[in-house]
Amino acid sequence: MSSTVISNIATLVTNDPSLGDMSPLGLVRDAAVVVDGDRVVWTGESSKAPATDNRVDAGGRAVLPGFVDSHSHLVFAGDRTEEFNARMSGRPYRAGGILTTVAATRAASDAELESNLTRHLAEALRQGTTTFETKSGYGLTTEDEARALRLAARHTDEVTYLGAHIVAPEYAEDPAGYVALVTGEMLDACAPYARWIDVFCEKGAFDGDQARAILTAGRAKGLHPRIHANQLTYGPGVRLAVELDAASADHCTHLTDADVDALANSRTVATLLPGAEFSTRADWPDARRLLDAGATVALSTDCNPGSSFTSSVPFCIALAVRDMGMTPDEAVWSATAGGAAALRRDDIGRLALGARADLVLLDAPSHVHLAYRPGVPLVAGVWRRGVREA
C-alpha cells in the first residue's frame, strides 16, 4: 500500500461537521484529503497536508464522497421503450408493466444478465457511484430469483431479495400461494445470497398484511427489511416499515401526516427516487416536508427498465433540487451520507478518518454545480477503495 494526497481542492465535502464549517456537509475550503490503502487517513487545509508517497493536484476543483445508490434493479434483460413511449403519449403508469421485464429476464442466459448488469455498473461508476444496492424481482420463480441474487452478489455486498416485486403470472389467481412460495421455498434458496428483503407494498402488488408476512419471514432468515412504500397511492407501507425497523422506506410519494411523523421518529430512512417521477410524470415526493419534520432522507436512482431507466445520481440531485424542495447541500448529503444511512453503513458516504476511500472529483469548484449545471458530465475522476477507476 502507498499513501496519496489529493490537494488543491477548492471545496471538500466531508459530511462530518467537526472537520469543516459545522454544516452537515462539513465543508473544508482550499483542502486536501490523504488516502492510505483503501481508507481516508487525513483531511484538512491543503497547506497542512502531511507528506505522502503520491500527490494528485485537484486543480481547484471540488471533491466529495462517492455517491451511494441505495435502490436499484439492475439484474434484468430487455427494455421497455414502447411502454415509455406510450406513457409519454398519455398512458398512465401501473405496476403490471413489470411482467414485461419478467418474461425477458427469464428467457435470458446468466451471461446475458451479468453482461447487462456490469454495463450499467460501469455507467454508474463513471458518474460517481461507488456503492450500490441492487435487487432481484424480475424472475419470480425460485430458480430465477436465486440466480439473479447470485449474479448480483458477485458485484456488491448490498443485495436485496425482492421475490415480492409483483405476483408471478403463474399465480395470478392464487396470490396467497405466491406469498407462500416467496416466504418458503424461494426465501430458502435466496437468503444465502442476500443481505436485505424487500416488498412492493402497493395496489396491484402486495397489501399490508402480505407485506408484513413477507418481511417478517425474511427477518427470521436473517435478512433485514426495506420496502417499496407509498409510491402510487396512500397506503400502509411507510408505517409498516417503521413498525419493522426497516432500514429504508422507498418512494414515499403519497404520505399522510402520520406517515411523516412515523419516519421522523424512527431509524427508517425515507429514500426518494425522483427518476421514477420524471419517467412516469407522477407527483413529486415532498422532500421539504420530510426534512422539516426531521426525517432522514436519501436520494437514489431506482435504475430499472420500466419506471426510472437512469443510472445517474447527479441527474437525480438536480431533479430533487428543482422539483422536490431540496437545497443543493441537502441533495448532495442525501445522495452520499443519506444513502449510507439507508444501507446502515458508516464506512461510506463521508470522507473522514477511517472511512472507505471512495471519492468523486468534479470538474467544477463546488458541489452546487451538480444542480446548477444539470445534464453536464461534471465527474472528472472517481476513486473506489483508494483506487482511481474513472
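User: Which residue lies over the face of W196?

Analyst: The model considered here is predicted. In this model, the ring of W196 has a charged side chain over its face, at 4.4 Å from the ring centre. A charge counts as sitting over a ring if CZ of Arg is within 6 Å of the ring centre and within 35 degrees of the ring normal. The residue that lies over W196 is R226.

User: How many aromatic pairs does the structure hold?

Analyst: A pair of aromatic rings is described by the distance of the centres and the angle of the planes. Rings pair if their centres lie within 6.5 Å. The number of aromatic pairs in the structure is five.

User: Is the pair of F76 and Y138 stacked or edge-to-face?

Analyst: The ring centres of F76 and Y138 are 6.4 Å apart, and the planes stand at 75 degrees. Planes over 60 degrees apart count as edge-to-face. The pair of F76 and Y138 is therefore edge-to-face.

User: How many residues apart in sequence are the parts that the pair of F76 and Y138 ties together?

Analyst: F76 belongs to the loop between β5 (67-69) and α1 (81-88). Y138 belongs to the loop between β6 (129-135) and α4 (142-153). Both F76 and Y138 are buried.

User: Is the pair of Y178 and F206 stacked or edge-to-face?

Analyst: Y178 lies in helix α5 (residues 175-183), and F206 lies in the loop between β8 (196-201) and α7 (208-220). Both Y178 and F206 are buried. Their rings are 6.4 Å apart centre to centre, with 25 degrees between the planes. Planes under 30 degrees apart count as stacked, and the pair of Y178 and F206 is stacked.

User: Which cysteine sulfur is nearest to that of C201, and how far away is it?

Analyst: The structure holds zero disulfides. C201 is buried, with a relative accessible area of 5%. A disulfide requires two cysteine sulfur atoms within 2.5 Å. C201 is in no disulfide, and the nearest cysteine sulfur is that of C252, 12 Å away.

User: Is the crossing of α3 and α4 left-handed or right-handed?

Analyst: Helix α3 (residues 110-126) packs with α4 at an angle of about 45 degrees, and the axes are 10 Å apart. That angle makes α3 oblique to α4. The crossing of the two helices is right-handed.

Terms used: Residues are numbered from 1 along each chain as its sequence is written. This is a predicted model: local features need pLDDT of at least 70, side-chain atom pairs count only at pLDDT 80 or more; totals for chains, interfaces and linings use all residues. Side-chain values use heavy atoms; hydrogens and water are left out. Buried means under 20% relative accessible area, exposed over 50%, partly exposed in between (1.4 Å probe, protein chains only). Rings of Phe, Tyr and Trp (its six-membered ring) pair if their centres lie within 6.5 Å; planes under 30 degrees apart count as stacked, over 60 as edge-to-face and the rest as tilted. Helices (H or I, at least four residues) and strands (E, at least two) are DSSP runs, numbered from the N terminus. Axes are lines fitted to C-alpha atoms, for helices over the stretch in contact, and angles run from 0 to 180 degrees between N-to-C directions. Angles under 35 degrees count as roughly parallel, over 145 as roughly antiparallel, 65 to 115 as roughly perpendicular and the rest as oblique. A crossing is left-handed if the near helix is turned anticlockwise from the far one by less than a right angle, and right-handed if clockwise.
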